Amino acid sequence: MHIKKIIENNKISFSFEFFPPKTQKSSETLFNTINELVHLKPAYVSVTYGAGGSTRGLTHDLVAKIQNQTNLSVVSHLTCSGSTSEEINSILQRYRDNKIENIMALRGDPPIGTNKFIKTEGGFEYASELVEFIKKNYPNMGIGIAGYPEGHPETPNRITEMDNLKRKVDAGADYICTQMFFDNKDFYDFCERCEIAGIKIPIIAGIMPVTSIKGMHRMAELALGTRIPAKLQRAILRAENDQYVEKVGIHWATQQVLELIDNNVKGVHFYTLNQSKASREIYTALGISDSESLNR
């Protein structure tokens, strides 16, 4: 189903993100994880690329398997990194042949070992160019783009950042899915800045619960510059071990989602790290056995 219809048909869309496996064994484990979430009736699931498009083939295989072997709607990530326009066109043709209707269009991260994005010769430099290409050549495809509630790491000027986002919207994007954040005030401010910029497409909130001390440090070290609020950091550091850290993280994420629901968010996108436990426990804490009651 086209992403516009998915969002329109759900009062609140709940979705999950996975990254492609690197081995056959992990592929089977991941597919079991995805099946564990099917009963939650997510509006859709998405599958990422690796840095620099390093897991391109695995992404294609996984989204095709989800599309053909489950009743889930799937959104496949597609990046400019490491691909010419001809290669991207070939990928889109394959998706269309597999009845995959939705793409998350991204510029992509720099290749592993580098800290600067380099345009592939014959490719695209900006996500807006990728969006425009998809819209022109595959007009029936749904297109998502990324938003940054805490600010884009490469664009400290927040006005310029919104100009760049508006460029992607004007190129034909159907919705925005944000990077993870831990303070809802950042999300509300982002939504308000979108409104000021004349951006009117739906904005989906990206949520990732902290599940370990190592994970918290990893989030803080990401190029995205994820901000861990002091209150959350203090609660995590009080925890005796990662088992309790996970409980703190799930509780914090649950409170975030409840508040977002109260403030009429269009959707919540869970970054799962290929694990279903935290997402399932958040659903339980929300007081629902599946998302149907909130999706109506």
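This is a predicted model: local features need pLDDT of at least 70, side-chain atom pairs count only at pLDDT 80 or more; totals for chains, interfaces and linings use all residues.

User: Ok, in what order do the strands close into a barrel?

Analyst: There are eight strands, and they close into a barrel in the order S1-S2-S3-S4-S5-S6-S7-S8, with parallel pairing. From one strand to the next, the twist averages 30 degrees.

User: Let's take one part of it. How many bridges join S3 to S4?

Analyst: Five bridges join strand S3, which covers residues 74-79, to S4, and the two strands run parallel. Within that pairing, histidine 77 has methionine 104 of S4 as its bridge partner.

User: And which residue in S5 is the bridge partner of methionine 104?

Analyst: In S5, that partner is glycine 144. Strand S4 (residues 102-106) and S5 pair in the parallel sense over three bridges. On the S6 side, glycine 144 stands opposite tyrosine 175, and four bridges join S5 to strand S6 (residues 175-180), again with the strands running parallel.

User: Is S5 mostly covered or mostly open?

Analyst: Strand S5 (residues 142-147) is mostly covered, as six of its six residues are buried. Gly142, Gly144 and Ala146 point one way from the strand, while Ile143, Ile145 and Gly147 point the other way, and all of them are buried. As background, the side chains of a regular strand alternate between the two faces of the sheet.

User: What about S8, why is it described as largely enclosed?

Analyst: Five of the five residues of S8 are buried, so the strand is largely enclosed by the rest of the structure. Gly267, His269 and Tyr271 point one way from S8, whereas Val268 and Phe270 point the other way, and all are buried.

User: Which strands pair with S8, and over how many bridges?

Analyst: S1 is joined to S8 by five bridges, and these two strands run parallel; in S8, glycine 267 stands opposite serine 13. S7 and S8 also pair in the parallel sense, over four bridges, and there isoleucine 207 stands opposite phenylalanine 270 of S8.

User: Switching to helices: at what angle do H7 and H10 pack?

Analyst: Helix H7 (residues 184-196) and helix H10 (residues 242-262) pack at an angle of about 35 degrees, and their axes are 10 Å apart. The angle and the distance between the axes are what is used to describe two packed helices. H7 passes H10 in a right-handed crossing.

User: Which residues make that contact?

Analyst: H7 contributes Asn184, Phe187 and Tyr188, and H10 contributes Gln256, Glu259 and Leu260. The residues of this contact of H7 with H10 divide into three nonpolar, two polar and one charged.

User: How do H6 and H7 cross?

Analyst: The axes of helix H6 (residues 158-170) and H7 come within 10 Å and cross at roughly 65 degrees. That angle makes H6 roughly perpendicular to H7, because angles of 65 to 115 degrees count as roughly perpendicular. H6 passes H7 in a right-handed crossing. The contact is made by Arg158, Glu161, Met162 and Leu165 of H6 together with Phe190, Arg193 and Cys194 of H7, and the residues of this contact of H6 with H7 divide into four nonpolar, no polar and three charged.

User: Last topic, the loops. Where is lysine 41, and what is its phi?

Analyst: Lysine 41 lies in the loop between helix H2 (24-38) and strand S2 (44-47), and it has a positive phi of about 55 degrees although it is not a glycine. For context, most residues other than glycine have a negative phi.

User: Which other lysine has a positive phi of about 65 degrees?

Analyst: That is lysine 99, which has this positive phi although it is not a glycine, and lysine 99 is found in the loop between helix H4 (85-97) and S4.

User: Then which of these counts as exposed and which as partly exposed?

Analyst: Lysine 41 counts as partly exposed because its relative accessibility is 42%, whereas lysine 99, at 65% relative accessibility, counts as exposed. The cut-off behind this is that exposed means over 50% relative accessible area.

Methods
Residues are numbered from 1 along each chain as its sequence is written. Side-chain values use heavy atoms; hydrogens and water are left out. Axes are lines fitted to C-alpha atoms, for helices over the stretch in contact, and angles run from 0 to 180 degrees between N-to-C directions. A crossing is left-handed if the near helix is turned anticlockwise from the far one by less than a right angle, and right-handed if clockwise. Contact means heavy atoms within 4.5 Å. Ala, Val, Leu, Ile, Met, Phe, Trp, Tyr, Cys and Pro count as nonpolar, Asp, Glu, Lys and Arg as charged, and the others, Gly among them, as polar. Angles under 35 degrees count as roughly parallel, over 145 as roughly antiparallel, 65 to 115 as roughly perpendicular and the rest as oblique. Buried means under 20% relative accessible area, exposed over 50%, partly exposed in between (1.4 Å probe, protein chains only). Two strands pair if DSSP finds at least two bridges between them.
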